[in-house]
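Reader: Hey, could you walk me through this model before I set anything up with it?

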Amino acid sequence: MRLIFPLLVWISFLILTGSSQGETKFKIDGKVLELDESNFESAISSFDLILVDFYAPWCGHCKRLAPQLDEAAPVLAGLKKPIVIAKVNADKYKRLANKYEIDAFPMLKIFMHGVPTEYYGPRKAELLIRYLKKFVAPNVAMLGSDAAVTEFVEEADTFFPIFIGFGLDESIITNLAIKYKKKAWFAVAKDFSEDAMVLHDFDKVPAFVAIQPAYNERNIFYGPFEEGFLEDFIKQNFLPLTVPINHDALKLLKDDKRKIVLTLVEDEGDEKSQKLIKYLKAAASANRDLVFAYVGVKQWEEFADTFEANKKEKLPKMVIWDGDVEYLTVIDSESIVDEEDHGSRISRFLEGYREGKTEQKRIAGPSFMGYINSLIGINTVYIIVFLVAMIMLIRSLGNEEPLRDGTRDQSDQATDVSRPLRDDDFREGDKED
């Protein structure tokens, strides 16, 4: 008994000491935390929300991003619900890089209660702060006036779609707001005027309004206000009616299971294409089971070429893409060249698709240099070319074995270019800020 009491005291001391150390180990002091394999898991489980920068010391974009994160860190740490920024050298700690599928630098991931999701937002300090505040905002904002509605929309900015229930009870959308917190803003407006109804384009209540701030689009849902119908409406409005294809859009499309009506044009910015896009929006409104997207050869020739669309082709043309490696052409309706008859040609294309008058094709693989450029960046290409030249020189001399450079897994990245194309193939390996 004499031995048991001191032993219990000692164990209690160790527990208290360990608890104290755990609490002070990660101090929220407004600085970017430096993590490694010994403390990474502990860090992401210690904070409700932590933004982690997976970087490489040799990466130029990583070096330019670092000051932006340093600037944002104290502001985010000072919020009522603090957000912590951390960084980890993913080039050194490869086990972490492999676990969290880090295949480009810098790559940012948000960990909410330990669960990771890729960060698609801006990288300038001011915009990054505004973007991340969304994740600690209330699940459903309560708006009590026209001014409150306007302020909510303006502060939400253009990064996420906005859903506002005018005259709806908060409880109707709370579960969906929690489920899709990472993807959209949600609010309920109780007191509002007819001016607000005109501004947001609805003529009766209750109404559930979806706003795409970046595209100045609004869609209205008048019910039935059951969770299943509401969820379908929400998911359909995560994207604008017509999606301009770029690197960020491909990431968003990964989460959408609908087929993609992809229109390929010469230049999406010219007057003819803009007129066509208006017809596509009308078709999208009537066919919400499909995603409508477009891309210009001028804007992204490499991507367009995988669908056999280039400057020699008769454009515009339409295909049905599965978002992966296969797409369908509609027999005798693929080309929509006649700009005087775009509306009826789009209708015939959709009718042909729904009637099964299609031909299945697989997208073409990218060129070798295009694949390498998009995956790991042009600077690394120069390094690879230099290494290959050195290897050839050494072989010609016959004095040594060929050099092997495994520091950045370049040999793995540069192989298998003949496989079917994935949307990851268009990711910039050394991401822009």
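Reader: What am I looking at, and what are the ground rules?

Author: This is a predicted model, where local features need pLDDT of at least 70, side-chain atom pairs count only at pLDDT 80 or more, and totals for chains, interfaces and linings use all residues. Residues are numbered from 1 along each chain as its sequence is written, and side-chain values use heavy atoms, with hydrogens and water left out.

Reader: How many helices and strands are there in the protein chain?

Author: The protein chain has 16 helices and 16 strands. Those are DSSP runs numbered from the N terminus: helices are H or I with at least four residues, strands are E with at least two.

Reader: And what's the mean pLDDT of the protein chain?

Author: The mean is 82, and 77% of the residues reach 70 or more. pLDDT is the predictor's confidence in each residue, from 0 to 100.

Reader: Where is confidence lowest, and where is it highest?

Author: The lowest is helix 16 (residues 410-413), with a mean of 39, while strand 7 is the highest at 97. Residues 400-433 stay under 50 in pLDDT, and the model has 94 contacts for them beyond four places in sequence. Residues 366-382 also stay under 50, with 36 such contacts. Contact here means heavy atoms within 4.5 Å. Where pLDDT is low, the predicted coordinates should not be read in detail.

Reader: Noted. What percentage of the protein chain counts as buried?

Author: Of the 433 residues, 45% are buried. The cut-offs on relative accessible area are under 20% for buried, over 50% for exposed and partly exposed in between (1.4 Å probe, protein chains only).

Reader: OK, sheets. What does strand 3 pair with?

Author: Strand 1 (residues 33-35) pairs with strand 3 in the parallel sense over 3 bridges, with L33 opposite A86. Strand 2 (residues 49-55) is also parallel to strand 3, joined by 6 bridges, and there L51 sits opposite I85. From strand 2 the chain passes through helix 3 (residues 60-77) to strand 3 in a right-handed β-α-β crossover. Right-handed means that, with the strands pointing away from the viewer, the path from the first strand over the helix to the second runs clockwise. Two strands count as paired if DSSP finds at least two bridges between them.

Reader: Is strand 3 mostly covered or exposed?

Author: Mostly covered: 5 of the 6 residues in strand 3 (residues 84-89) are buried.

Reader: What's the strand order in the open sheet of 5 strands?

Author: The order is 6-8-7-9-10, with mixed pairing. Strand 6 (141-143) and strand 10 (217-221) are at the edges with a single partner strand each, so one side of each has no neighbour in the sheet. On average, neighbouring strands of this sheet are turned by 25° against each other, direction ignored. Inside it, strand 7 (residues 162-166) and strand 9 (residues 207-212) are antiparallel over 5 bridges, and I164 has V209 as its bridge partner.

Reader: Which helix lies across strand 6, strand 8 and strand 9?

Author: That's helix 7 (residues 170-179), running at about 175° to strand 8. Axes are lines fitted to C-alpha atoms, for helices over the stretch in contact, and angles run from 0 to 180 degrees between N-to-C directions.

Reader: What about the sheet of 6 strands?

Author: That one is open too, ordered 11-13-12-14-15-16 with mixed pairing. Strand 11 (242-244) and strand 16 (358-362) are the edge strands, each pairing on one side only. Strand 12 (residues 260-265) and strand 14 (residues 317-321) run antiparallel with 5 bridges, and I260 has W321 as its bridge partner.

Reader: Switching to backbone geometry: which peptide bonds are cis?

Author: One joins V205 and P206, with omega about 0°; P206 is in the loop between helix 8 and strand 9. Another runs from G223 to P224, with omega near 5°.

Reader: And which residue other than glycine has a phi near 65°?

Author: That's D332, a positive value, in the loop between strand 15 and helix 13. D332 counts as exposed because its relative accessibility is 80%. E101 also has a positive phi, about 55°, without being a glycine. Most residues other than glycine have a negative phi, and most peptide bonds are trans.
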